[in-house]
Amino acid sequence: MSDITVYQPDFLFVDGRFQEGLALAVGADGRVLDAVPEGARVERLPGRALLPGLVNGHSHAFQRLIRGRTEYVASGRGQDDFWSWREAMYRAAEALTPEEVYVASRQVFVEMALAGITAVGEFHYLHHQSDGTPYADRNELAHAVIRAATDVGLRICLLRVGYARAGFNVAANPRQRRFIDPDVDAFLSTTEALARAVRGDARVNVGLAPHSVRAVSKEWLARVEGDAPVGMPIHMHVAEQPKEIEACLAEHGLRPVELLADLGLLGGRFTAVHGVHLTDDEVQLLGRSETTVCACPSTERNLGDGIVPADALVRAGARVSLGSDSQTAVDLLDEARQLEQHLRLSRLRRAVLDPGTGTLDGLAARLLDMATVQGAHSLGLETGALTPGAPADFFTVDLRHPSLVGAGLASLLPGIVFGATAGAVREVAVAGFLTCWASSRTTTSHSGS
């Protein structure tokens, strides 16, 4: 019994709701047991509510470096937008060494752990040396990011990005030379080599990420659809900016989602990141194929991208997950509440994503599902819910934290989703192993665990 740990909070979130008097039993393999065995060691967590670990579906870790450094209009510019912000991001990307990539990534992964995030989808497109020359190991920077995540204790899905060009009929941009693969064969083979290298590490998996319809050709996308290993997640920026749609229409005579549908890419393992500028027909295409759309509200707001039509997407049958993207802030519960609150501003009414159950916690449960179950599905992970046999990835909140004082059992879930700050998070565990806890509020380094 010494290899079994039983976590006993005041409230445990299972079967879609909080329940009292239950405990979470974790076996030696780090997975949830279906019952609490007699004689097992009990880790009492008084004053805590325990929930499944949050899953951050879309991250660019190195962009943490430009937080607070782009919030102004540069001299000579009449306005600031996504495209001017992108130039500042490129400047940050140009000079980073592998060790600096590791340090920047580790910093933001620490923030994620402290916010209750236990898994991250890292959309990784920084591949080469600063002059564009490949490293001897083409995955050197990917390994640096993976090491940063596992040293902090997070699970990571490294979504290796394919980048072929600056855009349709656009001259090569020297600031993108660290991103560019020579051809689609190199992109696919390098991703497969990375997958082989991390095989056997339960905390790490790998996905394919053609960057966008701007950055890759139709031929690249067709090869990804045809040659992607079975079960490997595929992520892609889709319909984030109007210029992207204009370029896709000019090149293909189709909008981005229409092109992806024609190529057969939409479906259960495909995630369209952002999905801001969609027609009704595109929403239906995403819904019928049960494609995931990963919304990143803090970034979409910060960059002036627009509002993800999550209400229409959910009605159509699409899945919706959440990501921190550019790391303007790292708080996935806040991403969930922003998704709903942006819609309230747009639709001029409240509780837009409420599922219609008539219960106090129905809307909060839907948003938490997006931040856990749907994110895990998007990344091809077994996590997201604390069911028997699933990895014991979880976090707790302090019921005595000022942001939660007064929440009873009936209002606890909406109190957490709509009101708790990241400071209310206490213990965080991956596979039952605590990566941070209340006494220090810092993460441990345990790359060998």
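Predicted model: local features only at pLDDT ≥ 70, side-chain atom pairs only at ≥ 80, totals over all residues.
## Ground rules

A salt bridge here is a side-chain nitrogen of Lys or Arg within 4 Å of a carboxyl oxygen of Asp or Glu.

Residues are numbered from 1 along each chain as its sequence is written, and side-chain values use heavy atoms, with hydrogens and water left out.

## Salt bridges

The structure holds 21 salt bridges. Helices (H or I, at least four residues) and strands (E, at least two) are DSSP runs, numbered from the N terminus. Burial also comes up throughout: buried means under 20% relative accessible area, exposed over 50%, and partly exposed in between, with a 1.4 Å probe and protein chains only.

Glu 251 is partly exposed at 23% relative accessibility, whereas Arg 165 is buried at 19%. Another pair is Asp 185 with Arg 223, whose side chains meet in a salt bridge at 2.6 Å, N to O. Here too distant parts of the chain are linked: Asp 185 belongs to helix α4 and Arg 223 to helix α5, 38 residues apart. Asp 185 has a relative accessibility of 43% and counts as partly exposed; Arg 223 is also partly exposed, at 29%. Salt bridges that share partners join Arg 48, Asp 398, Arg 400, Arg 426 and Glu 427 into one network.

Glu 43 and Arg 41 form a salt bridge as well, with their closest N and O atoms 3.3 Å apart. Glu 43 is partly exposed at 30% relative accessibility, and Arg 41 is partly exposed at 44%.

How many of the eight residues of strand β7 are buried? Eight of the eight (residues 155-162) are, so the strand is largely enclosed by the rest of the structure.

Two strands pair if DSSP finds at least two bridges between them. Strand β6 (residues 117-124) runs parallel to β7 and is joined to it by six bridges, with Val 120 standing opposite Ile 156. From β6 the chain crosses through helix α3 (residues 140-152) to β7, in a right-handed β-α-β crossover. Right-handed means that, with the strands pointing away from the viewer, the path from the first strand over the helix to the second runs clockwise. Strand β8 (residues 204-210) pairs with β7 in the parallel sense over seven bridges, and Ile 156 stands opposite Val 204 there. The chain crosses from β7 to β8 through helix α4 (residues 184-198), and this β-α-β crossover is right-handed.

## Helix α7

Helix α7 (residues 256-263) has Pro 256, Val 257, Leu 259, Leu 260 and Leu 263 as its buried residues. Seen down the axis of α7, they fall within an arc of 160 degrees, so they line one face of the helix. That arc is taken from the directions from the helix axis to the C-beta atoms.

Contact means heavy atoms within 4.5 Å. The cover over the buried residues of α7 includes α5 (218-227), β9 (234-238), α6 (242-252), β10 (270-274) and α8 (280-288). Just after α7, Gly 264 takes a positive phi of about 80 degrees.

Where is Val 308 placed? Val 308 lies in the loop between α9 (297-302) and α10 (310-316), and counts as buried at 2% relative accessibility. Not counting residues up to four places away in sequence, Val 308 touches His 274, Gly 275, Val 276, Val 293, Ala 295, Glu 300, Leu 313, Leu 339 and Leu 343.

The chain is divided into domain 1 (5-52 + 385-437) and domain 2 (54-73 + 80-379), with bounds that come from an automatic or database domain assignment. Their centres, taken over C-alpha atoms, are separated by 28 Å. The contact takes 25 residues from domain 1 and 26 residues from domain 2.
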